Amino acid sequence: MSEYSWPGEDGRPVPDAAAAWPATVGGLPVGTRVTGEVIGRQRFGVFLALDGHPGAMGLARIDRMPPCMELPPVGRRVSGEVVWHSDREHQVGVVLAEWAGHEDPLPRFRAGQVVVGPVTKIASIGVFVRLGHCVEGLVPLAGAVGYAGAFREGREMRVRIVEVDRERSRVLLAEAAP
């Protein structure tokens with residue numbers, strides 16, 4: 001989903017975060033479990049109206065989101081934990097529960113390993129293969145033998161991991177012999 005919006009664009013009133021700030025900080029210390037509703041989406045995260053704190057403005061920043069997940073849409077109910085306060089912006093930082101329990105699966109893969117996974121996409125640069133939850137790799141066009149018609153989305157493919165680039169979250173693959 002690529003819809004972006006600010007709180008209040010849907011016609012609902014925006015919490016008066018500045019006026020409620022002392023009560024917000026006192027009632028929502030770091031570590032507090034919270035629930036609420038997504039009231040705005042931006043490239044950097046989602047704004048939250050927090051249950052039981054009508055003036056509080058929560059923010060779940062994208063830098064805490066696992067790379068394979070998406071920002072929740074406006075209107076979705078979410079839960080999480082308070083991780084910071086911004087006195088200047090009058091915002092409560094929240095890590096969403098669905099993000100907090102997510103482990104980066106990339107370290108489980110290493111060069112030389114042979115894996116079988118379904119083809120997820122065929123593009124002009126090569127064939128993408130799902131290696132595991134939230135991990136896809138690319139067999140470049142040059143490494144895809146018989147590329148023209150041999151691959152179909154959903155078909156299982158045996159691949160060898162050539163390189164794992166943890167910094168850029170990329171996996172380079174080659175077709176493996178049967």
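1. Start with Phe44. At 36% relative accessibility, Phe44 is partly exposed. The terms work like this: buried is under 20% relative accessible area, exposed is over 50%, and partly exposed is in between (1.4 Å probe, protein chains only). Trp6 is also partly exposed, at 43%.

2. A word on the model. It is predicted: local features need pLDDT of at least 70, side-chain atom pairs count only at pLDDT 80 or more, and totals for chains, interfaces and linings use all residues. Residues are numbered from 1 along each chain as its sequence is written, and side-chain values use heavy atoms, with hydrogens and water left out.

3. Now the rings. Rings of Phe, Tyr and Trp (its six-membered ring) pair if their centres lie within 6.5 Å; planes under 30 degrees apart are stacked, over 60 edge-to-face, and the rest tilted. By this rule there are three aromatic pairs. One of them joins Trp6 and Phe44: it is tilted, with 6.0 Å centre to centre and 50 degrees between the planes. Trp6 lies in the segment before α1 (17-27) and Phe44 in the loop between β1 (33-42) and β2 (45-50), so this pair ties together parts that are 38 residues apart in sequence. Helices (H or I, at least four residues) and strands (E, at least two) are DSSP runs, numbered from the N terminus.

4. Phe44 has another ring partner, Phe47. Their pair is edge-to-face, with 5.9 Å centre to centre and 90 degrees between the planes. Is Phe47 buried or exposed? Phe47 is buried, with a relative accessible area of 5%.

5. Look at β2 next. Five of its six residues are buried, so β2 is largely enclosed by the rest of the structure. Two strands pair if DSSP finds at least two bridges between them. β1 and β2 run antiparallel and are joined by six bridges. They form a hairpin with two residues between them. Phe47 in β2 is the bridge partner of Gly40.

6. How many bridges join β2 to β3 (residues 57-61)? There are five, and these two strands run antiparallel. Phe47 stands opposite Leu59 in β3. The hairpin of β2 and β3 has six residues between the strands, and Gly52 there takes a positive phi near 80 degrees.

7. Step back to the sheet. Five strands close into a barrel in the order β1-β2-β3-β5-β4, with mixed pairing. Neighbouring strands are turned by 50 degrees against each other on average, direction ignored. (Axes are lines fitted to C-alpha atoms, for helices over the stretch in contact; angles run from 0 to 180 degrees between N-to-C directions.) β1 also pairs with β4 (residues 77-86), in the antiparallel sense over five bridges. Here Val34 has Gly80 in β4 as its bridge partner.

8. Check the helix too. Thr24 lies in α1. Thr24 is buried, at 3% relative accessibility. Leaving out residues up to four places away in sequence, Thr24 touches Gly55, Ala56 and Val92. Contact means heavy atoms within 4.5 Å.

9. Finish with Gly137. This residue lies in β8 (residues 135-140). Gly137 is buried, at 2% relative accessibility. With residues up to four places away in sequence not counted, Gly137 touches Val127, Phe128, Val129, Leu131, Val171 and Leu173. The C-alpha atoms of Gly137 and Ala20 are separated by 48 Å, and the two residues are 117 residues apart along the chain.
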